[in-house]
Amino acid sequence: MTVNLLDLDAAGLTAFFAAHGEKPFRARQVLRWLHRFGRADFAAMTDIAGSLREKLARLAVVRPPAMLADRVSDDGTHKFLFDVGGGNAVESVFIPEEERGTLCISTQAGCALDCSFCSTGKQGFNRNLTVAEIIGQLWQARQVLGAYQGKEANGERVISNVVLMGMGEPLANPDNTVTALRLMLDDNAYGLSRRRVTVSTSGLVPAMDRLRDECAVALAVSLHAPNDRLRDELVPINRKYPLRELLAACRRYLEKAPRDFVTFEYVLLDGVNDSAAQARELLALTREVPCKFNLIPFNPFPGTSYRRSSAPRIRGFAEILLAAGVVATTRRTRGDDIAAACGQLAGQVLDRTRRTGRRVIDLRLERQEAGA
Ligand code: SAH
Ligand code: SF4
């Protein structure tokens, strides 16, 4: 059976080479070719003997998920669509900013947790993504954004940050998520610091402890409600891991986290969770946890009955947190003209090119034009 080398981190590659009678340092060489230089062709791996390259070609493949589309928003945000087989597609979003470039990637096709305000949740759960499908989103985005073609020569990174906030719940797919995270941090692969990689979870407590022990990157927790009664309704996994347990897990996580705070995400839903009283309740709830708040204006999607809180209401909510000395930022909505904003990722392949006036890039066409 051929192995997809993008499924393997350093330990996995070392084991793969050992199983074929090769030395451990081959893992390091191959990691660099695959991830640091973005090469998929064994013939290009010039510091590896020809006989081993031939052996690799027999035993292994390098197969990232196929990129079906790259749509670019008016504000420069890219939304990438990837084919993961069986009629499923997942999305990643690249958000360029002055000081950094953030890639938001998916970990599952769909999501089983069914949060009431999330379009990914509404489509149900299809399956966990493999390591190659998770890391392959970064690999492919780097190809398209030119990171492998010398754009990074002056030390600037095209993709400086990765957030696991796309489709799916990363901690419901912990094995593949942790292996992909290890690749992101590996100096022979992407070499990102733990502070620049963020896992967002709706609060799977046992897996939070596991992440802390195995690969403690920055943590964001989707809170969305100041009490169990409301959170049970918005984030159903709360019935299994209620707020008291979730906040205790956050404190445990902070013992090993690369940052000294947890980011609490809070989607503002008009008339549901955005009152002044709820802001004060939230402050009381989180008093014991060093944290920052990321307030997310709700992004509507077809079929939802929730509405986005008004700008003054969002400001009022933020001001109550700020007045108590808590850092609260309001997420600027990016890419909403291409349905690339938080919670809008649904991965449908249909109806993708209907909107007029938007740039839609079909990669095959682009390659043809480039004469490739
Ligand atoms: N499953 C993980 C990560 C993916 S969701 C989690 O829930 O944390 C990433 C973020 O987008 C979460 O904070 C989620 O609550 C938020 N989100 C989901 N639907 C949204 C919507 N319609 N508008 C704004 N944010 C949304
Ligand atoms: Fe799943 Fe996160 Fe959406 Fe909830 S918000 S359904 S956990 S992807």
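R142 is found in helix α5, which spans residues 131-144; helices here are DSSP runs of H or I with at least four residues, strands are runs of E with at least two, and both are numbered from the N terminus. This is a predicted model, in which local features need pLDDT of at least 70 and side-chain atom pairs count only at pLDDT 80 or more, while totals for chains, interfaces and linings use all residues. Residues are numbered from 1 along each chain as its sequence is written, chains are lettered from A and ligands numbered from 1 in the order in which they are written, and side-chain values use heavy atoms, with hydrogens and water left out.

R142 counts as buried, at 7% relative accessibility (buried means under 20% relative accessible area, exposed over 50% and partly exposed in between, with a 1.4 Å probe and protein chains only). Leaving aside residues up to four places away in sequence, R142 touches H35, R36, A147, Y148, E152, I159 and Y190, where contact means heavy atoms within 4.5 Å. Q143 is also found in helix α5, and its relative accessible area of 22% makes Q143 partly exposed. Q143 and R39 are 104 residues apart in sequence, with 9.7 Å between their C-alpha atoms.

## Charges over rings

R142 lies over the face of Y148, 4.4 Å from the ring centre. A charge sits over a ring if NZ of Lys or CZ of Arg is within 6 Å of the ring centre and within 35 degrees of the ring normal. The charged end of K292 sits over the ring of F261, at 4.1 Å from the centre.

## Aromatic pairs

Rings of Phe, Tyr and Trp (its six-membered ring) pair if their centres lie within 6.5 Å; planes under 30 degrees apart count as stacked, over 60 as edge-to-face and the rest as tilted. By this rule there are eight aromatic pairs. One of them is the tilted pair of W139 and Y148, with 6.5 Å from centre to centre and 55° between the planes. W139 is buried at 6%, and Y148 is buried at 14%.

How far apart are the ring centres of F264 and F293? They are 5.7 Å apart, and the planes meet at 45°, so this pair is tilted. F264 lies in strand β12 (residues 262-268) and F293 in strand β13 (residues 291-297), so the pair ties together parts that are 29 residues apart in sequence. F264 is buried at 0%, and F293 is buried at 1%. F298, F301 and Y306 form one aromatic cluster.
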